[in-house]
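Subject: Structure for your review

Dear colleague,

Please find below the structure I am handing over to you, with its sequence.

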Amino acid sequence: MSHALTSRHRRIAAAAAVDKAVLYTTISAGMVLARRYLTGRGVDQEFADQYGSPFGRTAAKVYRTEMGTEPRKAWSNVHGKWRRVNGFLPSETAVLDKAFVTYKRTAEYVAPAPVAEPAPAEVYVKATAGYAAQFEGLTGDSLRALENAHGIEVIDDHINPLLDTLYDWKQALDRFEATVTDADEKAVEGLPEDDPRRVAWRAASTGMDAFLKAQAAVHGAYVDWSFDLTGSVEIDWTPPAVPVIPEGCRIPGCDGHWHYDGLCVAQLGELPFDEGSSVPIELTSPEDEPPYIVAYAFDPVAMNMRRQMNTQADAVAFAKALRDAADAVDEAAAHLAPATTGTAVAL
């Protein structure tokens, strides 16, 4: 006896440990419940939840009349709570069919009309409502006024949401183009101009134009604001000093060394070569003659190393030759050995 009680206690403890939902679902497995039967007949869930209990009681009354006994019991989760309800076997659905035409609510039930899917144009208009208005009045002047009132940081805070709107707008346009059909266009033909469906179609079919206009407004306003040339800009700049021409000279920089020869000479620079030799470049102004620039060698045996420039064109050509030569030397330097530590590179 003690052993039997112990086994019974174990079974009770095991049953108590089973999840209630699992237990009730298992007990009711295979049984037809009132709400499940109604939705199986095409009744909407809201109606089945509201009238399932009275329909179940009607079915129980029919069962007692037909079978002469009480219907079986099952468990049903109603609005989050497990309730004990009447249950019927699949072979007993005739009882439920009779209850369906007997119970006034189900006998008069008319299925709600299916909700029509909105047309692609209506979906687009709803998704982009208010988009175009965000770009009205957007100009470079409006951004400058915003900056003057709140500081430069507020410009990005104003522009970035508009860029987000443009992104969402383009997505809505892409969805419209992907879903619209010729049938949608034909559906609005012949409708009055002020018909909401006709208005929606017109807005959607011209949506790309409105989008591009808004996009151009953002771009134009931002560029205008960024490159504002209407105000003055202070630059810390001092004009170069006017070259001073020494008394008795004709050109700046002359030291008078060659005055005895009737020349004013100013050295512009020199090109260094090996063994300390160099090619100086000088601005020379002979008396009663136009000035010229000359580059020549001091080496008396190399008098052919001379270039005299008598016109501006001559000077420009020589300067270009020097720049071209300098560029070529810079490029060729890549082929030379790198400078060793401690070697100075003259710039």
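Asp 195 and Arg 197 are joined through their side chains by a salt bridge, with an N to O distance of 3.1 Å. Please note that the model is a predicted one. Asp 195 is buried, because its relative accessibility of 13% falls under the 20% limit. Arg 197, in contrast, is partly exposed at 44%.

Shared partners also occur: Asp 141, Arg 144 and Asp 224 are linked into one network by their salt bridges.

A further salt bridge connects the side chains of Arg 202 and Glu 193, at 2.9 Å from N to O. As for accessibility, Arg 202 is partly exposed, with a relative accessible area of 35%. Glu 193 is likewise partly exposed, its value being 48%.

I would also draw your attention to Glu 92 and Arg 72, which form a salt bridge whose closest N and O atoms are 2.9 Å apart. Glu 92 sits in the loop between β2 (81-87) and α5 (93-102), while Arg 72 belongs to strand β1 (residues 72-78), so this pair ties together parts that lie 20 residues apart in sequence. Glu 92 is buried, at 9% relative accessibility, whereas Arg 72 is partly exposed, at 37%.

In total, 11 salt bridges are counted in the model; the pairs described above include Asp 195 with Arg 197 and Glu 92 with Arg 72.

With kind regards

Definitions and conventions. Residues are numbered from 1 along each chain as its sequence is written. This is a predicted model: local features need pLDDT of at least 70, side-chain atom pairs count only at pLDDT 80 or more; totals for chains, interfaces and linings use all residues. Side-chain values use heavy atoms; hydrogens and water are left out. A salt bridge is a side-chain nitrogen of Lys or Arg within 4 Å of a carboxyl oxygen of Asp or Glu. Helices (H or I, at least four residues) and strands (E, at least two) are DSSP runs, numbered from the N terminus. Buried means under 20% relative accessible area, exposed over 50%, partly exposed in between (1.4 Å probe, protein chains only).
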